Amino acid sequence: MEHTTYRSKKGVCTMAVDFSKSKTRENLMRAFAGESQARNRYTIAAKQASRDNLYSISQIFLFTADQERAHAEVFYELLRGQTEQTIEICGGYPVNLAENVTDLLKSAVHNEMQEFEDVYPEFAKIAKEEGFDQAAGAFDMIAKVEAVHGRRFALLAELLGKNQYFENPDGGEWMCMNCGHIQKGKMAPPVCPSCHYDRGYFIPVELAPYLMPELI
Ligand SMILES: [Fe+2]
Ligand SMILES: [Fe+2]
């Protein structure tokens, strides 16, 4: 590590490395690139889900894409002092262009869990070692969100893969994301009985936005 140590009256301290020469500067740019790409991958995946009449899944991709944009912004802001500079990075980024939505979800799970388990913990560790606590905190906090993203995509992939996104042999409830109608039964109807939108607008109530069980 490129730390300079010095002895203060209170004991030995570690002085942070110069940010412009740090690994954290590069890692923030890697994270910005990764988040920016995740945002676009999910926006593109949302289009595929819409083409397959999986409107509610398309909305979940878009919702997640917007959070990736927010993550990108957090990392970008931490580079504010580098304005007008170009930061060279070396990194690997995935290509996930499956036409099947379940496959797109599975790829997303892989990428999210990689960020949660490997990439961001490593970036956070380096940032701490280099003395950049704010960056370390951002990597730690955003890593936890990626785990939530990963688990949600995994649940969607599982339900779609088992044909249980619109069906539940034990009985379930679905909400139409166009009009809010809630349908109980063993499956979501082919079209919403209230607004006549396609079945693809239904979402299992457990995943429905802003829907509290006590309101049903
Ligand atoms: Fe993210
Ligand atoms: Fe994510």
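Begin with the aromatic rings: a search of the whole structure, which is a predicted model, finds 13 aromatic pairs. Rings of Phe, Tyr and Trp (its six-membered ring) pair if their centres lie within 6.5 Å; planes under 30 degrees apart count as stacked, over 60 as edge-to-face and the rest as tilted. A pair of aromatic rings is described by the distance of the centres and the angle of the planes.

Select F32 and Y76. This pair is stacked, with 4.3 Å from centre to centre and 10 degrees between the planes. The two residues link distant parts of the chain, as F32 belongs to helix α1 (residues 23–51) and Y76 to helix α2, 44 residues apart. Helices (H or I, at least four residues) and strands (E, at least two) are DSSP runs, numbered from the N terminus. Y76 has 48% relative accessibility and therefore counts as partly exposed. In these terms, buried means under 20% relative accessible area, exposed over 50%, and partly exposed in between (1.4 Å probe, protein chains only).

Next, select Y42 and F61. Their rings form a tilted pair, 5.9 Å centre to centre with 40 degrees between the planes. Here too distant parts of the chain are linked: Y42 lies in helix α1 and F61 in helix α2, 19 residues apart. Then select F75, Y120, F123 and F139, which form one aromatic cluster.

Some conventions apply throughout: residues are numbered from 1 along each chain as its sequence is written, while chains are lettered from A and ligands numbered from 1 in the order in which they are written. Local features need pLDDT of at least 70, side-chain atom pairs count only at pLDDT 80 or more, totals for chains, interfaces and linings use all residues, and side-chain values use heavy atoms, with hydrogens and water left out.

Now select the iron ion (ligand 1). Which residues coordinate this ion? The donors are E35 (OE), E35 (OE), E68 (OE), H71 (ND1) and E146 (OE), at 1.9 to 2.6 Å. Donors are N, O and S atoms within 2.8 Å of the metal (3.2 Å for Na, K and Ca); water is not among the atoms, so sites may look incomplete. H71 lies in helix α2 (residues 55–77) and E146 in helix α4 (residues 133–161), so this pair ties together parts that are 75 residues apart in sequence. Both H71 and E146 are buried.

Move to the iron ion (ligand 2), which lies 3.7 Å from the iron ion (ligand 1), with E68 coordinating both. The protein donors of ligand 2 are E68 (OE), E112 (OE), E112 (OE), E146 (OE) and H149 (ND1), at 1.9 to 2.4 Å. E112 is in helix α3 (residues 101–130) and H149 in helix α4, so the pair ties together parts 37 residues apart in sequence. E112 counts as buried at 1% relative accessibility, and H149 likewise counts as buried at 1%.

Finally, select the strands of the open sheet, which has 3 strands in the order β4-β3-β5 with antiparallel pairing. Two strands pair if DSSP finds at least two bridges between them. The edge strands, β4 (182–187) and β5 (202–204), each pair on one side only. Strand β3 (residues 167–176) pairs with β4 over 5 bridges, and E167 stands opposite M187 in β4.
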